Amino acid sequence: MKRATRAVATIVFFVLAALPAFSQGIQSSVINLPLNGNWRQAPDIEQDTPSGVQVFYDQNTGTVLQIRSDFKIREVGEISAAFRLAGQSPATPDAAKILMMTMFPLPSAYQKAVVEKIHEGHAPKLWEVREPGNAQWFYISQLFAGFRASGAGRESEIREEYIPLRVTRAEHRSAGRGDALLFEAETEKAAPESVVRHFKLPGTVKDQRLRYGWIQFSPAGIGGSENVVSVAFATPVSSGFDVNNVLETMVKNYGVKAADAH
């Protein structure tokens, strides 16, 4: 069994290594983003994301970036109002909850493992469910504290617990000829080194706090007929990635798709 497992892992490694890398940025069917990095598409992550999400991974910094088309900007007023003191307020678990409800959902393999064990009194952490080398699992593990069960029998209650993040930006902004909602939050401390190693993130992630961003860009404005482009990322703070430079790249390159690059 161990020999078979090693063989599968070797095959996966060579498949990922053979995927095209985009040294000049990201090429997707939604939008091209000429962002610095050694990018590759990440099908190993895409299989655990909602349908239509394209995922890219920067092998230099360990940054994960997701792109999808939406039909409208979601909850622009509610999010902006709820975090109107972004950058000044203390950390809150609501920030992690928003990120997980929108672009960083719990992996299906983890949910299946939890369903089997939570009623036994132990809900495993993400790193206790074997998925080494998956950057998305790593970043979700720093948003999600786990499930907590209370009571017993019919009176039992299971609730999700989120890790508090410091919201640095939550605003509705004019962008080009359209509108954008920017949401950004950071962890208060670095992820444990053992977790970084388990998920095989590059050494640049060690001792770094993490930054999460979510951008919804409506090229024709909130009431326009064009689809909304949603981009989310998770990155070590040292990478320099933030919602401002990503939005600027989105506005400049809207309408430039991978098919147009050939």
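Analyst: Sixteen residues, 16 in number, line the second largest pocket, and S141, Q142, I163, K189 and P192 lie nearest its centre. (A pocket is an open set of points on a 1 Å grid where a 1.4 Å probe fits, with protein on both sides within 12 Å along at least five of seven lines; lining residues have an atom within 4 Å of a point.) Strand β7 (residues 144-150) gives the largest share of this lining, three residues; strands are DSSP E runs of at least two residues, numbered from the N terminus.

Please keep in mind that this is a predicted model, where local features need pLDDT of at least 70 and side-chain atom pairs pLDDT 80 or more, while totals for chains, interfaces and linings use all residues. Residues are numbered from 1 along each chain, and side-chain values use heavy atoms, leaving out hydrogens and water.

Nine of its nine residues are buried, so β10 is largely enclosed by the rest of the structure (buried means under 20% relative accessible area, with a 1.4 Å probe and protein chains only). In a regular strand, side chains alternate between the two faces of the sheet. In β10, G178, A180, L182, E184 and E186 point one way, while D179, L181, F183 and A185 point the other way.

Strand β9 (residues 166-175) pairs with β10 in the antiparallel sense over nine bridges, where pairing takes at least two DSSP bridges. V167 stands opposite A185 of β10. Two residues lie between the strands in the hairpin of β9 and β10, and there G176 takes a positive phi near 60 degrees. Strand β11 (residues 210-218) also runs antiparallel to β10, joined to it by eight bridges, and G213 in β11 stands opposite E184.

Let's finish with E186, which lies in β10 (residues 178-186). E186 has a relative accessible area of 5%, so it is buried. Its side chain is joined to that of R211 by a polar contact of 3.0 Å (a pair of N or O atoms within 3.5 Å, one able to donate a hydrogen and the other to accept it; residues adjacent in sequence count only through side-chain atoms on both sides). Setting aside neighbours within four places in sequence, E186 is in contact with L165, R166, T168, R209, L210, R211 and V237, contact meaning heavy atoms within 4.5 Å.

Terms used: Helix = DSSP H or I, 4+ residues; strand = E, 2+ residues; numbered from the N terminus. Buried < 20%, exposed > 50% of the residue type's maximum accessible area, 1.4 Å probe, protein only.
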